[in-house]
Amino acid sequence: MKILFLNGPNLNLLGQREPEVYGRTTLSEIEAAVRKRAAKIGATIEFRQSNQEGELVSWIQETKGQFDVIVLNAAAYTHTSVALRDAIAAVGIPTIEIHLSNVHAREEFRQKSLIAPVCTGQIVGFGVNSYLLGLEAAVNINGG
């Protein structure tokens with residue numbers, strides 16, 4: 001199984017950006033933890049991060065025939081990007097939406113996900129474990 005982890009804007013600042021909300025773990029440390037777990041369960045992963053909406057859209061469009069599942073932390077674009085939503089719907093690759101914080105318990109504008117309706121499921125509020133749970137969900141998406 002080949003899984004693409006996509007990370008949106010400002011996630012390159014994890015570990016230093018609002019640690020009371022997002023924790024002190026960096027994105028590279030999260031990636032290392034996911035790679036370690038993926039190796040144990042026989043999954044191949046690719047990890048990417050961009051602050052640019054168009055780049056994320058292009059990466060989603062390129063998944064068809066190359067990846068089995070997308071695990072997406074669209075960050076702020078979750079709440080604003082019709083373009084990401086449309087790309088997910090267009091490629092038809094199972095996509096799992098993840099967030100470190102519980103977006104449903106935060107500011108009102110963060111409680112609406114434009115991408116959720118076209119995603120297979122959503123994992124929120126488990127910090128770094130949201131990524132590990134996303135990996136587990138991806139591996140088991142078609143019944144294991």
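Leaving out residues up to four places away in sequence, Ile45 touches Ile3, Phe5, Val34, Arg35, Ala38 and Leu135, where a contact means heavy atoms within 4.5 Å. The model is a predicted one, in which local features need pLDDT of at least 70 and side-chain atom pairs count only at pLDDT 80 or more, while totals for chains, interfaces and linings use all residues. Residues are numbered from 1 along each chain as its sequence is written, and side-chain values use heavy atoms, with hydrogens and water left out.

**Exercise 1.** Find which residues have the most contacts inside the largest nonpolar core, and which elements give two or more residues to this core.

*Solution.* Begin with the term: a nonpolar core is a set of buried Ala, Val, Leu, Ile, Met, Phe, Trp, Tyr and Cys residues joined through side-chain atoms within 4.5 Å, and buried means under 20% relative accessible area, exposed over 50%, and partly exposed in between, with a 1.4 Å probe and protein chains only. The largest such core has 22 residues, and those with the most contacts inside it are Ile3, Phe5, Val34, Ile45, Phe47, Tyr131 and Leu135. The elements that give two or more residues to this core are strand 1 (2-7), strand 2 (44-49), strand 3 (69-73) and strand 4 (95-99), together with helix 2 (27-41) and helix 5 (129-139); helices (H or I, at least four residues) and strands (E, at least two) are DSSP runs, numbered from the N terminus. Apart from this core lies another, of 18 residues, among them Trp59, Ile60, Tyr77 and Cys119. In soluble globular proteins, nonpolar side chains tend to be buried together.

**Exercise 2.** Work out how many salt bridges a search of the whole structure finds, and where in the helices Glu136 and Arg37 lie.

*Solution.* A salt bridge is a side-chain nitrogen of Lys or Arg within 4 Å of a carboxyl oxygen of Asp or Glu, and the search of the whole structure finds four. One of them joins Glu31 to Arg35, with the closest N and O atoms 3.0 Å apart; because these two residues are four apart in helix 2, they are separated by about one helical turn. Glu31 is partly exposed at 22% relative accessibility, and Arg35 is partly exposed at 38%. Another joins the side chains of Glu136 and Arg37 (3.5 Å, N to O). Glu136 lies in helix 5 and Arg37 in helix 2, so this pair ties together parts that are 99 residues apart in sequence. Glu136 has a relative accessibility of 27%, and Arg37 has one of 32%. The side chains of Asp86 and Arg85 also meet in a salt bridge (3.5 Å, N to O).
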